[in-house]
Amino acid sequence: MPRWESDAQGRLERAALELFETQGFERTTVAQIARTAGLTERSFYRYFPDKREVLFADNELETHLVARVEAAAPGITPFEALLTALGTADEVFRSREFLLRRVGVIATSPALAERDLIKLADIASALVPALERRGVEPGEARFIIDVAIAIARRATSRWLAAPDATLSELIAQATTELREAVTPRAPTVP
């Protein structure tokens with residue numbers, strides 16, 4: 001591919017994902033990614049500081065979630081605002097196929113799994129001020145975010161496996177499951 005072709009960042013991301021899938025993350029070099037994308041290593045480093053960041057450089061999800069929490073109706077609880085925002089995360093995902101492929105690659109590499117957790121922690125940290133602006137104390141905000149992210153992770157894994165349900169429906173289902181799991185059950189009478 002000629003260097004002047006548009007969407008260099010996207011081409012690098014697609015090339016990296018393909019190479020990570022076929023030969024593994026550790027065995028893939030920046031030079032191979034750039035060459036597969038029809039670019040130079042120098043071009044690669046204009047977009048990404050290292051090869052891990054090809055899968056994690058996008059801050060669109062973080063920006064989207066913060067904006068949705070801040071725009072939520074004032075009458076709903078911060079937890080509901082956050083769950084509603086998380087239920088719209090699929091609006092910023094490139095595609096279900098890309099996300100499935102990305103998850104598969106991350107699962108094969110401890111370095112990528114670690115980076116995935118760091119990225120998730122960064123998103124959680126960005127959400128704290130959004131909840132604080134809704135009147136939530138910082139410690140409570142972090143607790144709410146951690147619980148909501150756990151719900152979203154369960155829902156997202158189901159969404160990837162069962163494309164017939166929406167992400168927001170699956171978040172509602174996982175929330176109900178959590179409520180049922182922590183609600184005391186009435187004693188049964190023998």
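Which element gives the most to the lining of the largest pocket? In this predicted model, the answer is α7, with seven residues. The pocket itself has a volume of about 910 Å³. Its lining comprises 35 residues, and those closest to the centre are Leu61, Phe93, Leu99, Arg102 and Asp116. Two or more lining residues come from each of α4 (60–71), α6, α7 and α8. Sorted by class, the lining holds 24 nonpolar residues alongside nine charged and two polar ones.

Helix α8, one of the contributors to this lining, deserves a look of its own. It runs over residues 138–161, and its 24 residues reach 34 Å from the first C-alpha to the last, close to the 34 Å expected at 1.5 Å a residue. Its buried residues are Ala141, Ile144, Ile145, Ala148, Ile149, Ile151, Ala152, Ala155, Trp159 and Leu160. In an α-helix there are 3.6 residues a turn, so residues three or four places apart point the same way. The cover over the buried residues of α8 includes α5 (78–86), α6 (96–107), α7 (110–132) and α9 (167–182).

Leu12 counts as buried because its relative accessibility is 0%, against a cut-off of under 20%. Beyond its neighbours within four places in sequence, Leu12 is in contact with Ile33, Ala34, Ala37, Leu39, Ser43, Phe44, Tyr47, Phe48 and Val54. With one of these partners, Ala37, the C-alpha separation is 5.4 Å, although Leu12 and Ala37 are 25 residues apart along the chain.

Notes:
Residues numbered from 1 in each chain as written. Predicted model: local features only at pLDDT ≥ 70, side-chain atom pairs only at ≥ 80, totals over all residues. Heavy atoms only, no water. Helix = DSSP H or I, 4+ residues; strand = E, 2+ residues; numbered from the N terminus. Expected span 1.5 Å × (residues − 1). Buried < 20%, exposed > 50% of the residue type's maximum accessible area, 1.4 Å probe, protein only. Contact = heavy atoms within 4.5 Å. 1 Å grid on protein atoms, 1.4 Å probe; cavity = no way out; pocket = protein on both sides within 12 Å on 5 of 7 lines; lining within 4 Å. Points joined across faces, edges and corners; volume = space filled by probe spheres on them. Nonpolar A, V, L, I, M, F, W, Y, C, P; charged D, E, K, R; others polar.
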